[in-house]
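Hi everyone, thanks for making time.

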Amino acid sequence: MNLQDYLNEAESIEREGGVALTAAPDIDALEQARIAFLGDRQGRVKALQEALRGISKEDKPAAGKRFNEARTRLEALLAERKTALSRAVAGASGEDLTLPARRQWLGAKHPVTLVIEEIEGIFRELGFSIAQGPEAESDWYNFGALNFPPNHPALDAHDTLYLEGEGLLRTHTSPVQVRTLQRYEPPIRVLIPGNVYRRDFFDASHAPMFAQIEGLCVDEGISFVDLKSTLNQFAERFFGAAKTRFRPSFFPFTEPSAEMDVQCGICGGTGCAACKGTGWIEILGSGMVHPNVLEAAGVDSEKYTGWAFGMGPGRIAISRYGIPDIRILYDSDVRFLERIAQPTGGATT
Ligand code: 2NL
């Protein structure tokens, strides 16, 4: 064979082999094309290699170079087509069975629920029971029994959502504590999580409905020492070994009253954006149950004393997870839940 014929033959093998390999519709067709062109026994590339023997000595380098080009090119096309075909294994109706499945979103607990459940767990271990009560309440349970004077601003229709006819939407979970005091003899240790309502605008820091947790402990000989030690124990468990401080405060239903702050866990007390530069985060309000509250619920205030506290798990969730706007807590946007909440199941398909 002269050089020109050899180069022409190499050219047509490369072209025809290229078409056969590139156009192979499936793995079987590709294998047929491979055998026809790159097969060891009867492949046309093998024949082309054997034809080199009949080329004159001076033309051999040029012919050999062309042979190598054609073989390398066809091997590359084979590998390329193989990858493409194995990536797209078609299902019965043509769908790509190798396409990765979408991850399933199995739902997650809301950050406020996570905070409530963690607080419940800590107080359960401290001997508290969990109680619930109605969200639509009477004036007496929400205000009257709790030592609110009749002209207190909280009673105003500007602050409280009154129902048509009688009753209102509870503004705190304290009515459940009053109901507990009426129903059970001390010793009482009870924790009350629930939603409460205020007539507020819905903005970055207020919502007309939010979660509250209150706690109550009533027995003979209960003192402020019990309040401080229990709430310190809670803070240590919930926030880690954080320092607390108590500041004097006022609530109609407690006397004396105190707010508890926890040293900011983000800056360690030096002051940062999370604690507004103060080094402390306000956690809860508390106090010794006012004797008028005990008496209103039918508890002998000469025999029994108690302490109580109230806190907003939403606010705690916001500082714990760095949520910039409380409205996010109410949006039901799964992208937010997916980022912050703990998935309830971990399966992916
Ligand atoms: C706050 C403050 C507080 C209570 C709630 C209470 C209930 C009864 C008697 C006495 Cl029946 N006290 N609850 C006491 C002190 C503070 O809440 O800042 N809540 C978000």
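Let's begin at the ligand: one of its nitrogen atoms sits 2.6 Å from an N or O atom in the side chain of Glu 214, a polar contact in the sense of N or O atoms paired within 3.5 Å. Before I go on, please keep in mind that this is a predicted model, with local features needing pLDDT of at least 70, side-chain atom pairs counting only at pLDDT 80 or more, and totals for chains, interfaces and linings using all residues. Residues are numbered from 1 along each chain as its sequence is written, and side-chain values use heavy atoms, with hydrogens and water left out.

Back to the contacts. The side chain of Gln 212 has an N or O atom 3.4 Å from a ligand nitrogen, and Gly 310 brings a backbone N or O atom to 3.3 Å from a ligand nitrogen. On its own the ligand exposes 490 Å², and the protein buries 87% of that (Shrake-Rupley accessible area, 1.4 Å probe).

Who else is around? The ligand has 16 residues around it, counted when a heavy atom lies within 4 Å. Gln 177, Glu 214, Gly 285, Ala 308 and Gly 310 come nearest.

Which strand gives the largest share of this shell? That is β9, with four residues; strands here are DSSP E runs of at least two residues, and helices are H or I runs of at least four, numbered from the N terminus. At least two shell residues each come from α7 (174–183), β5 (209–219), β8 (280–289) and β9 (305–311).

Methods
Polar contact = N/O pair within 3.5 Å; in protein donor to acceptor, adjacent residues only side chain to side chain.
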